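Subject: Structure handover

Hello,

Here is the structure you will be working with. Please open it and keep it beside this message while you read.

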Protein chains: 2
Amino acid sequence: VSVDKGVDFANYFCTYGFLYHQKEMLCDRVRMDAYYNAIFQNKEHFHGKAVLDVGTGSGILAIWSAQAGARKVYAVEATKMTEHARELVKANNLQDVIEVIEGSMEDVTLPEKVDIIISEWMGYFLLRESMFDSVIFARDRWLKPDGIMYPSHARMWMAPMRSGLGDQKMDDYEVAMNDWHSFVDDTKTYYGVDMSVLTKPFDDEQKKYYLQTSLWNNLHPQQIIGTPAIIKEINCLTASVNDVLNVSSNFPSSITERTRLCGLAGWFDVHFRGNRDYPAKHEIELTTAPSLDNGTHWGQQVFLLHPPVRVSEGDDLMVSFSMSRSKENHRLMEVELGYKYFDSTLKTVFAEEITTEPV
Amino acid sequence: VSVDKGVDFANYFCTYGFLYHQKEMLCDRVRMDAYYNAIFQNKEHFHGKAVLDVGTGSGILAIWSAQAGARKVYAVEATKMTEHARELVKANNLQDVIEVIEGSMEDVTLPEKVDIIISEWMGYFLLRESMFDSVIFARDRWLKPDGIMYPSHARMWMAPMRSGLGDQKMDDYEVAMNDWHSFVDDTKTYYGVDMSVLTKPFDDEQKKYYLQTSLWNNLHPQQIIGTPAIIKEINCLTASVNDVLNVSSNFPSSITERTRLCGLAGWFDVHFRGNRDYPAKHEIELTTAPSLDNGTHWGQQVFLLHPPVRVSEGDDLMVSFSMSRSKENHRLMEVELGYKYFDSTLKTVFAEEITTEPV
Ligand SMILES: Nc1ncnc2c1ncn2[C@@H]1O[C@H](CSCC[C@H](N)C(=O)O)[C@@H](O)[C@H]1O
Ligand SMILES: Nc1ncnc2c1ncn2[C@@H]1O[C@H](CSCC[C@H](N)C(=O)O)[C@@H](O)[C@H]1O
């Protein structure tokens with residue numbers, strides 16, 4: 001994929017140049033606890049080692065790595081956030097250990113290979129932003145053969161869900177279309193132009209916007225109404241870009257209560273397990289599953305059905321999921337979802353396709 | 001100025017590709033009435049003539065031009081909106097008169113020079129978006145020597161104003177900073193990292209965001225508390241890009257009531273006057289001044305003072321205004337404002353500089 005660097009900066013990197021945005025991540029306690037514990041409960045991994053932090057942002061992971069005893073930390077960051085990271089490193093008296101390097105991971109040169117690559121590369125529903133590509137690049141170029149990845153594993157999950165969100169979106173869509181129809185009438189009456197030929201394309205546009213776009217949401221665990229399924233497993237030590245270009249999965253889910261099936265929810269988790277030669281003493285998990293007390297800034301990605309479907313305990317759902325990168329912007333994903341629904345008597349009662357706009 | 005086309009599309013043109021955005025403009029009755037009346041009350045300008053519509057969007061101005069009797073209309077548009085414009089032209093049975101051309105105005109070739117250039121190129125506070133550059137280009141390349149510009153003239157206005165907006169923004173800023181201070185405390189306590197060195201840069205960032213960014217607002221006429229001044233006049237037939245790169249003005253304003261001076265408001269108007277040889281029969285004005293019943297989607301651009309200043313009827317304000325294009329994005333503007341304030345006894349009581357982020 002050839003990417004225009006200027007466009008990528010305008011669309012993607014620019015937000016990371018703001019402390020405000022870095023702070024949002026630094027305030028995510030679930031995220032912070034996971035990386036903090038992964039590092040400090042496995043200090044022996046870091047002691048005396050060379051570490052590469054891919055996308056250091058404010059520098060937090062580099063600082064923890066240094067505090068855990070790393071000999072040297074290379075902290076690479078594409079945006080001007082490096083200036084703040086450097087100040088922070090100095091204020092915490094780690095300037096002899098941490099070298100903050102401004103540049104794209106793909107472009108920088110390090111003076112040595114490293115023992116550990118640490119990175120917080122996960123986007124919404126894991127793969128949004130496609131930043132894992134840069135981690136793979138860093139690994140293949142700069143990690144020693146017996147090096148360790150932090151995190152070492154990642155998984156994507158999906159489950160059926162219920163929510164009032166779909167009703168809301170449907171209302172919004174209907175308001176927009178009613179408004180359009182008055183607009184068409186008014187434009188004919190006052191300005192002598194018949195706009196009705198644009199009703200179909202406007203309708204398509206609004207449907208995409210309101211109904212066919214997946215949504216960020218922090219779900220209550222009780223909104224999950226069927227068994228969750230793992231749809232993708234990634235070994236960060238061995239995965240190639242090819243392995244994450246597309247994610248396809250056909251999976252079953254059993255409905256666990258009598259309710260409305262409003263859509264599917266997706267989330268991810270990552271694990272810090274070290275590697276075969278240096279397994280983690282304390283394995284840490286970072287999960288973004290629906291949770292009462294441990295919500296994250298990632299929330300869950302919600303794919304809505306319009307309209308919802310009545311389901312009962314014991315009913316079976318067969319879901320086919322397919323995600324690929326948007327051709328216009330490789331950091332965004334397009335999703336196609338199909339499902340078959342069998343009520344407890346095992347006859348098909350419903351089948352539908354959902355296509356979503358890039359998110 | 002050299003502009004990366006890809007970035008310009010990502011940042012600027014992309015929104016115009018949506019019918020939703022075109023509709024917002026098509027629903028602005030003040031805007032629509034002005035162009036409609038300008039065209040149909042001056043039909044003799046259009047009769048049998050060749051017209052160029054720079055940035056035709058949905059095609060509305062091209063369609064009106066054709067309905068008013070134009071022989072040929074070239075409707076140039078950079079985005080895929082051309083597909084909808086073409087459909088609309090056909091549905092209104094004008095496909096023999098209007099030629100919709102997809103491309104940047106700077107790149108397209110027309111088969112002839114034109115008698116009239118019509119365009120709705122005005123951005124917030126007139127010059128945002130810098131689209132007038134493309135109109136100038138079109139004029140110099142494609143308008144006949146005795147051709148007419150629609151609109152023919154434009155002016156920028158400023159006046160002192162009062163508003164509760166500044167208090168709100170100040171509250172938001174204070175909330176953000178209080179939140180930052182707890183964040184710094186928590187990060188030290190729970191994660192062993194001292195973030196206090198970033199307090200100053202974070203504060204700068206938040207000040208810029210909340211206090212030093214000008215705002216869109218539809219003001220009530222009574223919020224204007226002093227005499228308005230014209231800070232720029234543009235003759236669309238003769239202005240060069242150089243003439244609009246910077247706008248500088250020192251102007252006085254007399255306070256007309258006892259109140260708080262909270263900032264300055266900027267707006268614009270344009271006129272459709274034809275040219276010397278073909279003056280408009282009915283001169284039409286499109287103004288975006290504060291208005292009870294005739295607000296526009298442009299609203300006014302508000303530059304806030306922090307804190308506000310107590311003023312009285314008869315006091316004099318001397319304002320220095322300077323606007324130039326942002327180096328990072330030529331379609332956005334940076335503004336510097338300074339003012340001196342004399343109370344009725346004519347001694348200086350206050351002077352301040354305001355610098356705003358690109359808007
Ligand atoms: N290819 C690349 N090269 C360098 N930096 C990159 C990159 N891709 C993404 N980044 C940076 O990676 C960061 C991801 S956000 C994580 C920031 C920090 N490590 C933390 O955990 O708080 C962003 O600051 C982004 O600008
Ligand atoms: N240099 C350029 N070449 C072609 N189109 C341009 C352009 N600069 C701006 N535009 C287009 O000009 C339009 C301005 S908005 C006005 C649309 C329409 N004339 C109306 O009055 O409703 C947008 O659709 C934008 O995409």
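A polar contact here is a pair of N or O atoms within 3.5 Å; within protein, one atom must be able to donate a hydrogen and the other to accept it, and residues adjacent in sequence count only if both atoms are side-chain atoms. With that in hand, look at ligand 1: one of its oxygen atoms lies 2.7 Å from a polar side-chain atom of Glu77(A).

Some ground rules come before the rest. This is a predicted model, in which local features need pLDDT of at least 70, side-chain atom pairs count only at pLDDT 80 or more, and totals for chains, interfaces and linings use all residues. Residues are numbered from 1 along each chain as its sequence is written, chains are lettered from A and ligands numbered from 1 in the order in which they are written, and side-chain values use heavy atoms, with hydrogens and water left out.

Ligand 1

Being near a ligand means having a heavy atom within 4 Å of it. Ligand 1 has 21 residues around it, and those that come nearest are Arg31(A), Gly55(A), Glu77(A), Met105(A) and Ser134(A). On its own, ligand 1 exposes 570 Å², and the protein buries 99% of that (accessible areas come from the Shrake-Rupley method with a 1.4 Å probe; for residues, only the protein chains shown count as cover). Helices (H or I, at least four residues) and strands (E, at least two) are DSSP runs, numbered from the N terminus.

Ligand 2

Ligand 2 is surrounded by 21 residues, the closest being Arg31(B), Gly55(B), Glu77(B), Met105(B) and Ser134(B). A polar side-chain atom of Arg31(B) is 2.7 Å from an oxygen atom of ligand 2, and an N or O atom in the side chain of Gln22(B) is 3.2 Å from an oxygen atom of the ligand. The protein covers 99% of the 570 Å² of accessible area that ligand 2 has on its own.

Helices of chain B

Buried means under 20% relative accessible area, exposed over 50%, and partly exposed in between (1.4 Å probe, protein chains only). In α2 (residues 19-26) of chain B, the buried residues are Leu19(B), Gln22(B), Lys23(B), Met25(B) and Leu26(B). Seen down the axis of α2(B), they fall within an arc of 160°, so they line one face of the helix; the arc is that of the directions from the helix axis to the C-beta atoms. These residues pack against α8 (165-191) and α9 (199-211) of chain A, and against α3 (29-40), α5 (60-67) and α6 (81-91) of chain B. Contact means heavy atoms within 4.5 Å.

Helix α7 (residues 132-142) of chain B is mostly covered, with eight of its eleven residues buried. Among them are Phe132(B), Ile136(B) and Trp142(B).

The two chains

Chain A superposes on chain B by a rotation of 180° with 0.0 Å of shift along the axis (RMSD 0.0 Å). The two copies are thus related as by a two-fold rotation axis. The superposition is by least squares on the C-alpha atoms of residues with pLDDT of at least 70 in both copies. Within chain A, the residue closest to the rotation axis is Val7(A), at 2.4 Å (C-alpha).

Regards
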